[in-house]
Structures are given as structure tokens and as C-alpha cells.
Amino acid sequence: MLSRLTLTQARAGLSARKFSARELATAHLDAITRLNPALNAYITTLPAQDVLAAADAADARYAAGNPGLMDGLPIGIKDLFCTKGVRTTAASKILADFVPPYESTVTANLLREGAVFLGKTNLDEFAMGSANMSSAFGPATNPWQKASDPSVALVPGGSSGGSSAAVAAGLALAATGTDTGGSIRQPAAYCGIVGLKPTYGRCSRWGVIAYASSLDQAGPMTRSVADAGLMLQAMAGFDERDSTSSNRPVPAFHEAVGKSVKGLRVGIPAEYRAPGLPAEIQAMWDQGIAWLKDAGCEVVDVSLPHTRYGLTSYYIIAPAECSSNLARYDGIRFGTRVDAPSLDGVYEASRAAGFGPEVRNRILMGTYVLSAGYYDAYYLKAQKVRTLIRRDFEQAFENVDVLLTPTAPSAAFAQGENMNDPVQMYLNDIFTVPASLAGVPALSVPVGLDGAGLPLGLQVIGRHFDEETVLSIGGALEAAAGFTHLPAVHAGAGA
Amino acid sequence: MSLDLATTRRIAKLARIGLEDAELEATRQKLNDILGWIDQLAEVDVEGVPPMVGTETEALRQRADKVTDGNCRDALLACAPETSGPFYTVPKVVE
Amino acid sequence: MSYVIEGQTGPWEIVVGLEVHAQVVSQSKLFSGASTTFGADPNTQVSLVDAAFPGMLPVINHECVAQAIRTGLGLKAQINLHSRFDRKNYFYADLPQGYQISQFTHPIVGTGTITIELQNGDTREIGITRLHLEQDAGKLLHDQDPTKSFVDLNRAGVALMEIVSEPDIRAPEEAGAYLRKLRQILRYLGTCDGNMEEGSMRADVNVSVRKTGEPFRTRCEIKNVNSIRFVMQAIEVEATRQIEIWENGGEVDQETRLFDPGRGETRTMRSKEDAHDYRYFPDPDLLPLVLEQAWVDELHAALPELPDPKRARFQHDYGIPFYDAGVLVAEQAVADYYENVAKGRDGRLAASWVTGELFAALNRTGTTIETSPVSADALGKMLDLIADKTINGKIAKEVFEDMVETGDSPDAIVERKGLRQVTDTGVIDSAIAAVLEKHPDKLEEYRSGKDKLFGFFVGQVMKETKGKANPALVNEALKTRLDA
Ligand SMILES: [Mg+2]
Ligand SMILES: [Zn+2]
């Protein structure tokens with residue numbers, strides 16, 4: 001079953017010439033044709049002949065014995081990465097016809113390593129959301145269904161919901177995501193896959209459409225922890241075009257998976273035991289703790305006292321940055337223009353028509369918190385709280401090597417749920433946001449199902465630039481959990 | 001802090017998002033809900049705490065003063081909704 | 001007596017502060033690799049970063065940072081080892097990002113001073129508040145189409161230094177002197193070419209008026225004035241406008257205005273009508289700019305000699321007056337020229353030749369010091385001919401004119417024209433004899449007490465020798481003969 005492999009397995013199969021990259025690509029093109037109309041995981045698919053041509057080139061490299069890290073592996077690209085000559089929309093009407101004349105650094109790195117791009121995956125408009133409901137191209141649907149009520153369409157999480165749905169359903173072996181406050185980890189958890197948000201600065205932001213610059217980070221969404229390591233190695237690296245890119249060497253991350261975790265210290269933050277945390281999630285967390293103890297880890301209680309202010313700070317900082325980052329969508333140099341007699345008229349009409357309600361609201365919120373008279377009370381205050389949150393992590397990491405928490409406070413919910421209460425929607429990010437604010441790496445690993453048969457994930461958070469320890473711990477959880485469940489909708493079913 | 005309609009209108013103007021009056025009121029309510037929730041930040045004591053700017057993991061790198069870019073007018077203008085000859089165009093601006 | 005404007009209620013003092021935008025001399029833009037050359041085809045010097053395409057990011061130009069530091073050092077200002085870039089958010093067609101990257105709360109250069117010199121020879125210190133780096137905007141063309149404005153982004157993203165003065169200026173003349181002095185310093189440093197016509201130096205003028213001893217009143221900012229003369233005119237008409245408002249019982253509104261030189265008035269800027277709220281915040285795409293003191297020291301050590309110290313040195317080393325030294329250091333190229341001529345020679349004589357004959361010749365021939373028909377070397381050689389008495393001062397002028405015309409060396413000209421000075425006393429004596437023979441009447445008059453005629457005889461003897469006689473020898477010999 002070619003569309004159920006991990007990257008690691010597919011790579012081994014290609015190397016051993018058990019199947020060709022063309023066959024692998026064809027299987028995925030098939031699966032997309034069959035399932036994408038229902039899942040809407042892709043906004044744009046690449047022409048089959050382009051995909052097959054890329055696969056043939058990969059086959060040639062395997063034949064020549066010099067394949068790259070991702071050679072011949074068919075993957076999805078979140079439609080927030082600019083891809084040269086391929087429409088890039090950010091799931092927004094304002095970029096509905098935008099074809100970038102340039103390739104983002106991360107996707108260029110993946111192409112250099114031989115990856116085969118299948119298409120551009122769905123997301124919340126400009127990556128603003130936790131449910132993939134705000135896409136101008138319609139929501140992506142979670143391939144998982146509640147055992148009790150398969151007719152209810154569930155969200156795949158967000159903002160990288162198209163990527164998580166595609167990987168879970170077998171429409172890609174893996175996909176890129178971006179994470180600003182949890183947009184890789186939360187959809188990974190909702191779809192039963194692995195998602196890794198690397199340390200801020202690990203992956204170049206050049207050519208990735210910005211939401212909140214001080215938080216945005218690209219990362220892999222895969223079916224295994226080792227895959228996340230492999231793909232991160234291909235994506236990461238210093239980029240002189242991004243001033244916030246780190247020039248530390250990029251290790252062979254996947255080699256960290258399978259390493260003994262004996263003696264590592266795992267912190268359990270007291271503040272994440274939020275009141276109202278569903279019992280099933282608490283149970284899963286306790287199970288994770290037990291597994292790591294069994295693997296020889298030492299489990300330690302820690303405190304991250306400012307956790308509860310992470311979410312509010314985030315919902316000041318991210319909108320503030322986005323209000324400025326999205327000013328360039330003005331209908332003049334690219335994107336959709338709505339004509340009007342005056343320049344301001346063009347701005348107002350183009351931006352009102354081009355942005356959906358969630359994006360508009362975040363821009364307005366950001367404009368407000370930066371405006372005269374409010375800056376100190378909101379923006380500056382949030383930046384100070386951000387310092388406190390970062391210090392919380394630094395202090396915790398003096399004592400422990402990683403932190404273990406749930407990824408999200410619930411499993412996937414129904415499309416349309418939580419839509420009228422923004423605060424309720426924002427609470428989905430409560431466990432993921434603090435690591436984003438601190439810039440530390442964090443991984444979501446699927447570890448089991450809830451009572452409704454929906455996947456749940458645990459989050460491993462590590463020190464700045466210590467993705468390797470995070471992956472080691474994630475690997476141990478993965479091995480103990482043995483998560484092999486498949487969603488109701490997947491490419492293997494009925495094929 | 002609670003948000004009134006005039007302020008909502010002013011920030012929509014600042015952000016150049018043209019909203020109808022009905023949309024303005026709906027927006028005001030939504031933002032007000034979020035602001036009510038955000039106000040819990042007021043209780044944090046940040047006395048003497050410096051603001052965190054970016055993630056501050058690196059110092060600002062500087063590039064050499066070389067011409068390495070530009071000369072791509074056709075590619076740029078091809079993306080524009082409206083151009084005239086070598087220029088972008090906008091409705092006439094009076095300064 | 002300091003400058004005041006007489007109103008109906010008595011004299012008014014004016015208070016002026018200047019914000020100068022000086023384009024940094026660099027190959028590429030502040031945050032992108034596109035070229036900065038002036039006058040290129042529209043939109044050819046634009047990168048994806050400058051046009052603010054999705055996902056594009058700024059990376060700072062090292063040389064622009066160095067230029068800002070050099071300028072700060074030249075203004076005797078504080079260099080801030082820790083500075084930061086902020087976004088100034090507003091929408092305009094010449095601003096692709098929807099924000100300008102600037103330095104708001106933490107500029108790279110802090111307080112400094114500029115010493116200006118006034119017509120009457122007085123000097124004054126004008127405080128510098130700060131200097132910061134920021135991006136220039138693009139250019140709008142309004143006259144190409146009846147209903148559209150055209151956008152050219154070639155200038156968008158070029159590095160500017162915004163140099164802000166304290167409100168220390170009290171007269172249009174002082175504003176002019178400040179701008180000339182600032183431009184001179186920038187040119188010496190090579191950090192800005194100071195070319196106001198090409199827009200590489202533009203001034204925003206903050207003007208208010210008050211009665212002597214009062215606190216400041218409301219000011220207006222006159223944007224983008226592009227010549228020193230217009231700055232001085234704008235101050236005067238704006239101050240007059242404000243005085244009229246105050247004297248009629250009105251209030252001056254704090255606003256941004258434009259100067260219309262054709263009409264000689266300022267008017268409200270329409271495009272800036274709505275209240276501004278720039279929502280400054282630290283640019284999250286850029287980290288704090290942290291400088292090493294050692295690098296600043298290195299840049300300091302490599303600074304060229306600036307106009308004020310050079311002027312003092314010229315006075316001291318070459319024995320020339322303060323005023324002349326000022327003229328000679330006005331431009332670096334002139335100062336260098338002068339110093340090449342004066343070195344090892346009579347500095348006063350060199351100064352009078354450079355500021356006199358040379359400047360006149362440059363004017364006449366429409367050339368500049370850089371393209372002068374007479375090199376510093378050649379002028380120096382000519383002064384040597386005067387010093388060694390090969391020619392006298394009068395002949396030197398003739399030689400110099402020939403040098404301007406032909407480009408020949410002074411030696412060659414002296415030889416070609418046979419202009420060598422006559423020092424043979426025999427020749428001079430016989431010339432005197434011939435003159436006295438021709439003018440017995442004048443000799444009579446002289447001897448009967450009309451001393452003034454001595455000059456007449458000198459002139460006649462010089463004429464007799466075709467100007468080549470050594471004037472000192474002629475004087476001496478004549479005296480002996482006439483008084484004998
Ligand atoms: Mg200004
Ligand atoms: Zn400025």
C-alpha cells in the first residue's frame with residue numbers, strides 16, 4: 001500500500017528499487033483524484049505530468065545511486081509557501097490568482113533534496129485559525145470520524161489543516177506546515193499524525209507568507225517521529241535572506257529517534273492541568289508519563305507560572321504583527337484589486353473584499369492594540385509578559401530536558417462548532433502557544449484515541465535548538481503508544 | 001477597555017478595510033468580546049521586566065553592500081492588476 | 001541685533017528645527033540588493049523585497065550602518081551601540097510594505113552639534129537631537145495621465161539618514177547656514193552627496209513663532225523643501241502667516257504643510273489630512289542592531305579631516321586669515337587643490353591666487369575645481385617662478401591666462417614669450433635714461449617738489465622694458481637718479 005508508507009519506508013523501498021518514484025507518485029495522484037473532492041485538503045494540485053516528470057528525475061537519481069534526503073517522496077506543501085510558477089493563495093481571495101515568480105527557501109531546500117510536490121494544501125486564511133474553517137477555498141475536512149456519528153464532518157485543526165488531512169488520509173506521504181501559535185501541532189494531533197514546530201530560526205521564513213513574523217516557523221507534518229527528523233533536516237538551514245535565520249549546523253535529526261532516553265528528565269508543568277481538562281486527555285497524559293518512566297526517564301513536576309497569560313499575550317502580539325504584515329495586500333502590485341475612484345477607495349474596497357472576516361478582525365485587533373493610547377496597555381504589556389513566559393521555560397529547562405503536555409485540550413470538533421465564540425476557538429491553542437512565544441521546539445505525537453475514536457496527541461517541548469532530545473523523547477512515546485489506527489477516510493480504503 | 005463604534009470606525013479607516021455600518025457594529029461586538037478576555041493581562045505584574053522583541057536568539061547580521069538584485073521589472077509588473085508601460089498605476093493622488 | 005519679524009503687536013521671534021533626509025551613499029539599498037543609482041529606467045532597480053512581495057524579508061546593508069556611524073562621528077554625536085528598527089505604519093502608493101522601516105525609539109546616533117557661521121562672522125552651535133536610518137519611499141508621477149498616478153519604486157528602500165536638529169535656529173539665515181554646513185560635512189565624509197536637485201538631501205522645516213521669553217507655541221511642519229533658498233523663504237512666509245493668525249486672535253493648528261515657491265506661500269497638505277497614528281512597533285523581521293565599540297573606533301580613526309579642524313589648520317599652517325580659510329575649505333576638492341599649491345610655498349600668495357585668478361578662470365571657462373584647466377601642480381610651479389624672481393607678479397597674470405588657454409607649463413610659456421624678468425641693472429639704467437630724455441618737463445616738475453610723479457616714472461620704465469623689469473630694482477635705480 002504505497003500511500004500508507006512512512007518517508008523512511010518509502011525511501012528504503014525506492015533505494016531497494018522495490019517500486020519506482022513514478023509508481024509512488026501515481027498512487028498519490030490517484031488518491032488525490034478520489035479523495036480530495038471530499039476532504040478539500042488541496043487548494044491546488046500540480047499537473048500530473050509535472051509530478052510524474054519530477055518522479056522520473058528522482059528515479060534517475062536513484063538509478064545513478066545519488067538520491068537526496070527526500071528523493072522521490074511525494075509531499076504536500078502548505079499553500080503559505082511561495083512556489084515558483086505555482087499559484088500560492090494563503091487560502092485568501094486577495095491572492096486567489098497570485099503566481100509567485102520565486103520559490104521559498106524551505107521548498108527550494110526540499111526540491112534540492114529531490115522531494116516531489118503534489119500540490120498546495122488548504123489552510124486557514126493567512127494561517128489565522130485553529131479549524132481550517134476560514135479558508136476562502138472552503139474548509140478542509142478531517143478524514144477521521146466519530147464512531148458514533150460518521151455523518152458529522154470534523155475539522156482537521158488549523159491552520160495547517162489541509163496538510164494534516166492530506167497526510168492522515170494518504171494524499172501525501174508528508175507535508176509542510178507552519179506554526180505560529182500551534183498551527184502544526186494542533187492539526188497533527190487532530191488528525192493522528194506527527195507535527196514538529198522547530199526552534200524559531202531553524203527554518204528560513206523567506207518566501208513563506210507572513211502571519212506573525214516573530215512567531216512563524218515552518219516544520220514537517222509526517223506519519224512518524226523519524227520522518228519528522230528526516231524532513232526537518234531537508235527543510236532547515238541557514239538562509240542569509242532571513243535576518244532571523246540561525247546559522248547553527250543542521251544535524252541528522254532522525255538519528256536522534258531510537259536513542260535511549262534513559263536518565264532524561266521530563267518536566268510536567270502543573271499549570272497545564274487546567275480546570276476543565278477532559279478526563280480522557282488527562283488520562284492520556286498520565287499514560288504518556290508512565291511510558292516515559294518505563295523508558296527510564298525521570299519525571300519531575302515543574303511550574304510555568306505565566307502559562308495562563310500566554311494565550312492572551314499571543315492574541316495581542318500575533319494580531320499586532322499581522323496588522324502590519326498584511327498591509328502589503330493593497331491591490332496595487334499583486335493580488336486582487338477592487339477599483340474605486342480614489343486611492344484610499346481602492347485600498348478599502350480591495351481589502352474588504354479580499355480578506356475574510358477572521359483576517360479582518362485580527363487586522364483590526366492588531367491595529368487597535370498598536371494605536372496611540374493603547375500600545376502600552378496592550379502591546380508593550382504583552383511583550384513584557386512574553387519575556388516572563390520565556391523565562392519560565394528557561395528556568396524549567398535548568399532542571400529538566402523536556403516538558404510533556406497534551407497538545408490540545410480536546411480532540412477534533414465538528415465543522416461549525418465554536419464559530420461564534422472567538423475566545424472559545426482561541427482556547428484550542430492554550431497548550432501550544434507558550435512554546436511559540438518562547439521560540440522553543442515542540443513536537444506533537446499521536447498516542448491514542450478518545451472514547452469517540454478520535455486521535456489525541458501529546459506535546460514534547462525542548463530547549464532552544466535541541467530538537468534532537470525532543471525527537472528522542474517523541475520516538476520513545478511513539479514506540480510505547482504503537483499508534484497504528486487509520487482514519488475512516490484514507491487512500492487504502494476500498495482501493 | 002470597551003470599544004465604541006467611533007473607535008471601531010477609526011481603526012477600520014487606519015487599517016484601510018472598508019466596512020458597512022452593519023459590519024462595523026458586528027465587528028465592534030466581536031472585538032469587544034476578545035478585549036474583555038484580553039483584559040485579564042492587566043493583573044500580571046511586569047514591574048522591571050523588559051519587553052521581548054522577537055526571539056532574540058541571534059544578533060542582527062549585516063550583508064555586504066553589493067548590487068545582487070533588481071532588474072526584474074517584467075516579472076514584477078506581470079503580477080500587478082493594473083500597469084501602464086513601466087509603471088504601476090493608482091487612482092490619481094493629490095498631494 | 002537678533003532676527004525678529006515686526007508684527008502689529010511688536011517683534012516676534014521665530015523658532016525653527018530642521019529634519020534633514022540625507023540619502024546614504026551606498027551601492028545597494030538599505031534592506032535589499034537592488035541598485036541605488038540615480039536616473040535609472042522606472043522600476044528597474046526594484047527587487048521582490050522592495051516591492052513587498054509576500055514572504056519577502058529585509059536584510060540590513062553593512063555599509064549603510066557604517067555611513068550612519070561616520071556621519072554621527074562627524075556631527076560629534078553619541079553613537080548608540082544598541083539600536084533597533086521599528087515599523088512606521090501607514091498606507092500610501094509610494095510605500096509598498098504599508099510601513100516604513102525606521103528607527104523610532106532607539107536611533108543609531110544620539111545628540112551632537114553643528115557649528116554654523118553667520119554673515120557677520122559670528123558662530124553659533126545648533127544642537128543635533130538624533131540621526132536615524134530609515135527607508136526612502138518610491139516616487140509618484142502625477143502628470144502622465146488625467147486620472148492615474150504612476151508609481152516608480154526605484155527609490156523605494158534606498159537608505160536615508162534622518163538628521164533632526166534641536167529647535168535652536170532663530171533666523172532664515174541660520175537655517176541656510178545650518179544646511180550648508182551639514183551638507184559640507186556630509187560631502188567631506190562621503191556619506192551623502194548633498195545633491196538637493198536630485199533629491200538626495202531634503203528638508204522638513206518645523207516653524208513656530210513666539211514673543212521673546214515665551215515658551216514655544218504650536219509649530220507647523222513644512223515637508224520636503226528641496227533647496228536651501230526655498231527653506232529660507234518658507235520659514236519667512238510661514239512665520240509671517242502664523243504671526244498674522246496669532247495677532248488676529250486665532251490659533252495656529254499643528255499640521256503638515258507644503259511650500260509653493262511659485263506663489264511664495266505654504267498650504268495644508270491634502271494627502272496628510274486625516275489624523276495620523278503610525279502605530280510604531282519593533283520590526284519583528286529584524287533583530288536589535290548591536291555594534292562593537294572597536295568597529296566604531298576603527299571608523300573614527302579612518303574619518304577624513306573635517307572642515308572646521310581643516311580651516312583652523314590652514315590658518316595656522318599657511319598663515320591665512322579666517323575668512324580665506326573658510327572659503328578654501330568650503331569644498332574638500334578646493335581644500336585639496338589649495339593645499340597642493342600651498343605646500344612648501346607662500347601660503348598667503350597661494351590663497352590669493354586660488355581664490356582670485358583661479359576661481360575667476362573656473363567661472364569664466366565654466367569648469368570646476370575637478371576639471372580645472374590649470375592643475376594645482378602647474379599653479380604651484382608658476383608661484384615658484386615668482387618666488388625665484390623669474391617673473392614678477394604682473395607678468396605672472398599674463399602667464400596664468402596663457403596656462404588657462406593653452407594648458408602649457410608656466411616655464412614653457414615664459415620661454416615662448418620671452419617673459420623672463422629683467423634684473424640686469426645696465427638695461428634698467430638705460431631704460432631710465434631714455435624715459436628721462438623723453439619727459440624733461442615731468443622731470444622738472446618732480447624736482448620742483450611734485451613727488452607724486454615718481455609713480456609715473458616707474459610706469460614709464462616698466463613700459464620701456466615691456467613689463468619685464470624687476471619692480472624693486474626699477475624703484476631703487478629711479479630713486480638714485482631722480483634724487484641725485
Ligand atoms: Mg519627519
Ligand atoms: Zn524620516
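Reader: Is A:Arg273 buried, partly exposed or exposed?
Author: This is a predicted model. A:Arg273 sits in the loop between strand 7 (265-269) and helix 8 (279-294) of chain A. Buried means under 20% relative accessible area and exposed means over 50%. A:Arg273 has a relative accessible area of 38%, so the label is partly exposed.

Reader: Which residues does A:Arg273 touch, not counting those up to four places away in sequence?
Author: The loop that holds A:Arg273 runs between strand 7 (265-269) and helix 8 (279-294) of chain A. A:Arg273 has these partners: A:Ile268, A:Gln282, A:Trp285, A:Asp286 and A:Ile289.

Reader: How far is the C-alpha atom of A:Arg273 from that of A:Pro409?
Author: Along the chain, A:Arg273 and A:Pro409 are 136 residues apart.

Reader: Is A:Ser164 buried or exposed?
Author: A:Ser164 belongs to helix 5 (residues 161-169) of chain A. Leaving aside neighbours within four places in sequence, its contacts include A:Pro156, A:Cys191 and A:Met221. The cut-off for buried is under 20% relative accessible area. A:Ser164 has 0%, so it is buried.

Reader: What UniProt domain annotation covers residues 24-471 of chain A, and how far apart are the end C-alpha atoms of that span?
Author: The UniProt record, an unreviewed entry, gives "domain: Amidase" for residues 24-471 of chain A. The span is 37% helix and 14% strand. Its end C-alpha atoms lie apart by 27 Å.

Reader: How much of residues 336-482 of chain C is helix?
Author: The unreviewed UniProt entry annotates this stretch of chain C as "domain: Asn/Gln amidotransferase". Its end C-alpha atoms are 48 Å apart.

Reader: Which residues are the protein donors of the zinc ion (ligand 2)?
Author: The donors follow the spacing H-x112-E-x27-E along the chain. They lie 1.9 to 2.1 Å from the zinc ion (ligand 2). The donors are C:His21 (NE2), C:Glu134 (OE) and C:Glu162 (OE).

Reader: How many residues apart are C:His21 and C:Glu162?
Author: Both are among the protein donors of the zinc ion (ligand 2). C:His21 is in strand 2 (residues 10-23) of chain C, and C:Glu162 is in strand 11 (residues 159-165). The pair links distant parts of the chain, with a separation of 141 residues.

Reader: Are C:His21 and C:Glu162 buried or exposed?
Author: Buried means under 20% relative accessible area. C:His21 is at 10%, so it falls under that cut-off. C:Glu162 is at 9%, so it too counts as buried.

Reader: How far is the zinc ion (ligand 2) from the magnesium ion (ligand 1)?
Author: The zinc ion (ligand 2) has its protein donors in chain C. Its separation from the magnesium ion (ligand 1) is 4.4 Å.

Reader: What area is buried between chain B and chain C?
Author: The contact takes 36 residues from chain B and 57 residues from chain C. Carbon and sulfur atoms give 59% of the buried area. The area is about 4,000 Å².

Reader: Which strand of chain B gives the most to the side that touches chain C?
Author: There are 26 residue pairs in polar contact between chain B and chain C. Helix 1 (5-14), strand 1 (62-63), helix 3 (73-78) and strand 3 (87-91) of chain B each supply at least two residues. The most, five residues, comes from strand 3.

Reader: Which residue of chain C forms a salt bridge with B:Glu82?
Author: Two salt bridges are found across the interface of chain B and chain C. In the one with B:Glu82, the closest N and O atoms are 3.1 Å apart. The partner is C:Lys148.

Definitions and conventions:
Residues are numbered from 1 along each chain as its sequence is written. Chains are lettered from A and ligands numbered from 1 in the order in which they are written. This is a predicted model: local features need pLDDT of at least 70, side-chain atom pairs count only at pLDDT 80 or more; totals for chains, interfaces and linings use all residues. Side-chain values use heavy atoms; hydrogens and water are left out. UniProt positions are given in the numbering used here, feature names are shortened, and annotations may be inferred rather than shown by experiment. Helices (H or I, at least four residues) and strands (E, at least two) are DSSP runs, numbered from the N terminus. Buried means under 20% relative accessible area, exposed over 50%, partly exposed in between (1.4 Å probe, protein chains only). Contact means heavy atoms within 4.5 Å. Donors are N, O and S atoms within 2.8 Å of the metal (3.2 Å for Na, K and Ca); water is not among the atoms, so sites may look incomplete. Buried area is the accessible area (1.4 Å probe) that two parts lose on being put together, summed over both. A salt bridge is a side-chain nitrogen of Lys or Arg within 4 Å of a carboxyl oxygen of Asp or Glu. A polar contact is a pair of N or O atoms within 3.5 Å; within protein, one must be able to donate a hydrogen and the other to accept it, and residues adjacent in sequence count only if both atoms are side-chain atoms.
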